[in-house]
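Here is a model to go through by question and answer. The sequence and coordinates come first.

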Amino acid sequence: METKKIAVMQKLLKANDAVAEGIRSELREKNVFFVNLMSSPGSGKTTLVEETVRRLGKRIKVVEGDIQTTLDAERLQKLGIQAYQINTGPFGGDCHLEAAWIRAAIDELGLDGMDYLFVENIGNLVCPAEFDVGAHLNVLLLSVTEGEDKPLKYPLAFQVSQLCLVTKTDFLPLRNFSLQKLRGNIRQVNPACAVIEVSAHSGAGMESWIEILKNRPNFQS
Ligand SMILES: Nc1nc2c(ncn2[C@@H]2O[C@H](COP(=O)(O)OP(=O)(O)OP(=O)(O)O)[C@@H](O)[C@H]2O)c(=O)[nH]1
Ligand SMILES: [Mg+2]
């Protein structure tokens, strides 16, 4: 029984990977850089996208993943950009987004008038890491209030990411958090993962983030 379950899961993941690969190459062809944001609930994904739109401009479209509510899509629509909300609640409350759903969202949004596509994955450090959504850059956000041990406890999320953004650094003076320890733990699980520290509230580090987006790492195959 267990073997059968594993076989079905492997088949599902393989089908997901094929759709993800199709999205990645189509967006590359259309010159759209696709960024997948993953983190625990509340680490600052939507706030980061809001601040990115303010700094990088409005040629950005966003797919929002949440179990319930259209709150995050509404926040982004207020900035005058297109945002498409996926809710998994009515379909069993999945804690991740799959490539086929991103495909459908892209078809709804259309590819005109955009240079960047952001996906805000469903807030948790486990399931989103298991499903390739077709992004050119997987970004893991970890806020300074979550603890330096998270890379060791949730390694896959860090292993599938090319960039880790340490968020809410404006809180650093208020608590005992070691950036050095966090960087060491990330290196232990994924030495290739780049790390930058940002605060969407104070603006610290935001220029480096915008610079990365402009440089489009991993975009050329
Ligand atoms: N101090 C501080 N607070 C921040 C920063 N970025 C976000 N926040 C706050 O953190 C809270 C959560 O931010 P969101 O952007 O909604 O977090 P999220 O990751 O999108 O949350 P979910 O979509 O629910 O997973 C809000 O109250 C934000 O104002 C930051 O740089 N500094
Ligand atoms: Mg959000």
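The questions below concern a predicted model, and they cover the ligand shell, a strand and a helix pair.

Q: Which helix gives the largest share of the shell around ligand 1?
A: The shell around ligand 1 holds 17 residues, and the closest include Lys-45, Thr-46 and Thr-47. Residues 45–56 form one helix, and three residues of the shell come from there, which is the largest share. The element asked for is helix 2.

Q: How many residues of the shell around ligand 1 are polar?
A: The shell divides by class into nonpolar, polar and charged residues. Three are nonpolar and four are charged. The polar count is 10.

Q: Are the two faces of strand 2 covered or uncovered?
A: In a regular strand, side chains alternate between the two faces of the sheet. On one side of strand 2 lie Ile-60, Val-62, Glu-64 and Asp-66, and on the other Lys-61, Val-63 and Gly-65. A residue counts as buried with 20 or more other C-beta atoms within 10 Å of its own, and seven of the seven residues of strand 2 are buried. Both faces are therefore covered.

Q: Which residue of strand 3 is the bridge partner of Gly-65?
A: Strand 2 pairs with strand 3 (residues 83–87) in the parallel sense, over five bridges. The partner of Gly-65 in strand 3 is Ile-86.

Q: What is the handedness of the β-α-β crossover from strand 2 to strand 3?
A: Strand 2 and strand 3 are parallel. Between them the chain passes through helix 3 (residues 71–77), and the crossover is right-handed.

Q: Which residue of strand 4 is the bridge partner of Ile-60?
A: Strand 4 spans residues 116–120 and pairs with strand 2 in the parallel sense over five bridges. The partner of Ile-60 is Tyr-116.

Q: How many residues of the contact of helix 1 with helix 4 are nonpolar?
A: Helix 1 and helix 4 pack at about 35°, with their axes 8 Å apart. Helix 1 contributes Asn-16, Val-19, Ala-20 and Ile-23, and helix 4 contributes Ala-99, Ala-100, Ile-102, Arg-103 and Ile-106. One of these residues is polar and one is charged, and the nonpolar count is seven.

Methods. Residues are numbered from 1 along each chain as its sequence is written. Chains are lettered from A and ligands numbered from 1 in the order in which they are written. This is a predicted model: local features need pLDDT of at least 70, side-chain atom pairs count only at pLDDT 80 or more; totals for chains, interfaces and linings use all residues. A residue is near a molecule or strand if its C-beta atom, placed from the backbone, lies within 6 Å of it. Helices (H or I, at least four residues) and strands (E, at least two) are DSSP runs, numbered from the N terminus. Ala, Val, Leu, Ile, Met, Phe, Trp, Tyr, Cys and Pro count as nonpolar, Asp, Glu, Lys and Arg as charged, and the others, Gly among them, as polar. A residue is buried if 20 or more other C-beta atoms lie within 10 Å of its own, exposed if 12 or fewer, and partly exposed in between; C-beta atoms are placed from the backbone. Two strands pair if DSSP finds at least two bridges between them. A crossover is right-handed if, with the strands pointing away from the viewer, the path from the first strand over the helix to the second runs clockwise. Axes are lines fitted to C-alpha atoms, for helices over the stretch in contact, and angles run from 0 to 180 degrees between N-to-C directions. Two residues are in contact if their C-beta atoms, placed from the backbone, lie within 7 Å.
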